Amino acid sequence: MKLNWNKKYTTIAVYAFLVIIASAACFVIFNQFGIVLNGINKVLGMLSPFFIGGAIAYILNFLLRFYEHILLKRGPFLRLSKKRRKAIAIALTYLTILVIIFAIMNYAVPQAVKSISHLIDNTPRYISEVIDWAEATFEKLNLSEEFIDEFNEKAREFLGNINNMIKSMLPVVGSFISSTMSKVTSFILGFIISIYILIEKEKFAAQSKMILYSWMSVDKANYTINLASRMHNLMKKFLLGQGLDTLIVAIVFFIVLLIMKVQYAGLLAFLLGVTNMIPWIGPWLGAIPAAIIILFQSPIKVVWFVIAALVIQQIDGNLLAPRIHGESLGVSGFWIIFAIVVGGSLFGFLGMLIGIPVFVLIYSLIREFTEKRLAKRNLPSRSAYYKDNILQVAEDEKENKEL
């Protein structure tokens, strides 16, 4: 018996079948969400060396380009072929990183551990000195004994809690180092993968473009490539600017702390420099624990530290950072906080760093789309115009419709 297939009903049947399959898949996913999530985590864990390798390669590419396009394009290196110059540049890049890692592991890490251990050992003495200073100050002010006794009780309770917190730092640091070391295999593998990525980066870029052009129209593919290029330039500007700004702030704090004769100046300057990489709220995250540590050493010094920190952060936020970045990111403080909170919630510390450039790109795309739509309707594209003229614009549109 010959079947007469109807194209219309066959298409409907196929779509219905796909909808049923998709619905069943969604039901399984939501019904077994824990199992699905564990499976996704396993896949991401398996691919983590490639993610780590990609991140390392992306960051080291800045140094590679310096060696390849600036340092090795002079003198006798001009006689070498492009391929050999690239090989030398890659070797110099990883040699530089290995020297930095060796210096950190051999000098910085032992000094940091020594400073933290010394801080924990001397915390009881610091607390006693702070209480003695407070009692002497109250005696000079002729305050009542009841107030002094109550304050001393609250102060001892507060400083005791801080003492317990600082004592608990060592196990936390040890746990962090242990968890980090447990992932050392993935990091080493990612480090090796990054070498292959940098060697084949031009080939990978070309293959990515081939895939885009095979699946999209030429205009859409060009738009996607341009979008990726804009994101890369924004990330490059942001990361390099943040790195330079962090280095300058850490050096300035180190000099100030040395002048103040504060103990653990190197450790505190490092803490203040690293937290300064987090925009807007980072300086406060580093200044508060630093102030507590300095308070134990000298209550007077903490006052000078707070004043110095406020001055440094004002100079950095209003003069240094904008000068380094070249120009403002073009978004308000509200959106900066929004990007930090959302990025940090989704991807932790890394999300707080990359959340701002990613959001700025999205923000700029929305702004461009809005401006194009307004231009097509012959409306102003500046937001300041609409603060007072919204009703007037509405009346103009009404008049146009009546005509």
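These notebook entries record what I looked up in the structure above.

**Ground rules**

I am working with a predicted model, so I kept to its conventions: local features need pLDDT of at least 70, side-chain atom pairs count only at pLDDT 80 or more, and totals for chains, interfaces and linings use all residues. Residues are numbered from 1 along each chain as its sequence is written, and side-chain values use heavy atoms, with hydrogens and water left out.

**Overall make-up**

I began with secondary structure, taking helices (H or I, at least four residues) and strands (E, at least two) as DSSP runs numbered from the N terminus. The protein chain has 13 helices and zero strands, and its pattern along the sequence reads α-α-α-α-α-α-α-α-α-α-α-α-α.

I then turned to burial, where buried means under 20% relative accessible area, exposed means over 50%, and partly exposed lies in between (1.4 Å probe, protein chains only). Of the 403 residues in the protein chain, 27% count as buried. The accessible surface, computed by the Shrake-Rupley method with a 1.4 Å probe, comes to about 28,100 Å² for the protein chain, and 69% of it belongs to carbon and sulfur atoms.

For contacts I used heavy atoms within 4.5 Å. Among the contacts in the protein chain with a separation of 6 or more, 67% are accounted for by residues 24 or more positions apart.

**Salt bridges**

Side chains of opposite charge can pair when their charged atoms come close. I counted a salt bridge where a side-chain nitrogen of Lys or Arg lies within 4 Å of a carboxyl oxygen of Asp or Glu, and a search of the whole structure finds two.

One of them joins the side chains of Glu 202 and Lys 86, at 2.5 Å from N to O. Because Glu 202 lies in helix H7 (residues 201-215) and Lys 86 in helix H3 (residues 82-141), the pair ties together parts that are 116 residues apart in sequence. Glu 202 is partly exposed, with a relative accessible area of 43%, whereas Lys 86 is buried at 12%.

In the other, the side chains of Glu 368 and Arg 230 meet at 3.1 Å, N to O. Glu 368 belongs to helix H12 and Arg 230 to helix H8 (residues 218-259), so this pair ties together parts that are 138 residues apart in sequence. I find Glu 368 partly exposed at 31% relative accessible area, and Arg 230 partly exposed at 26%.

**Where H6 meets H7**

I next followed H7 to helix H6 (residues 184-199), using axes that are lines fitted to C-alpha atoms over the stretch in contact, with angles that run from 0 to 180 degrees between N-to-C directions. The axes of H6 and H7 come within 4 Å and cross at roughly 70 degrees. The two helices are therefore roughly perpendicular to each other, a label given to angles of 65 to 115 degrees. Tyr 196, Ile 197, Leu 198 and Ile 199 of H6 make the contact with Lys 201, Glu 202 and Phe 204 of H7.

Asn 61 sits in helix H2 (residues 33-69) and is buried, with a relative accessible area of 13%.

**Aromatic pairs**

Rings of Phe, Tyr and Trp (its six-membered ring) pair if their centres lie within 6.5 Å, and planes under 30 degrees apart count as stacked, over 60 as edge-to-face and the rest as tilted. By this rule I count six aromatic pairs. Among them is the tilted pair of Phe 66 and Tyr 67, with 5.6 Å centre to centre and 55 degrees between the planes. Phe 66 is partly exposed at 38% relative accessible area, while Tyr 67 counts as buried at 12%.

Phe 359 and Tyr 363 also form a tilted pair, at 6.1 Å centre to centre and 35 degrees between the planes. Both lie in helix H12 (residues 333-376), four residues apart, about one turn of the helix. Phe 359 counts as buried at 14% relative accessibility, and Tyr 363 as partly exposed at 29%. I also noted that Tyr 94, Phe 187 and Phe 191 form one aromatic cluster.

**A backbone entry**

Most residues other than glycine have a negative phi. For Lys 261, however, I find phi near 60 degrees, a positive value in a residue other than glycine. Lys 261 is in the loop between H8 and helix H9 (265-275), and at 69% relative accessibility Lys 261 counts as exposed.

Notes
Angles under 35 degrees count as roughly parallel, over 145 as roughly antiparallel, 65 to 115 as roughly perpendicular and the rest as oblique.
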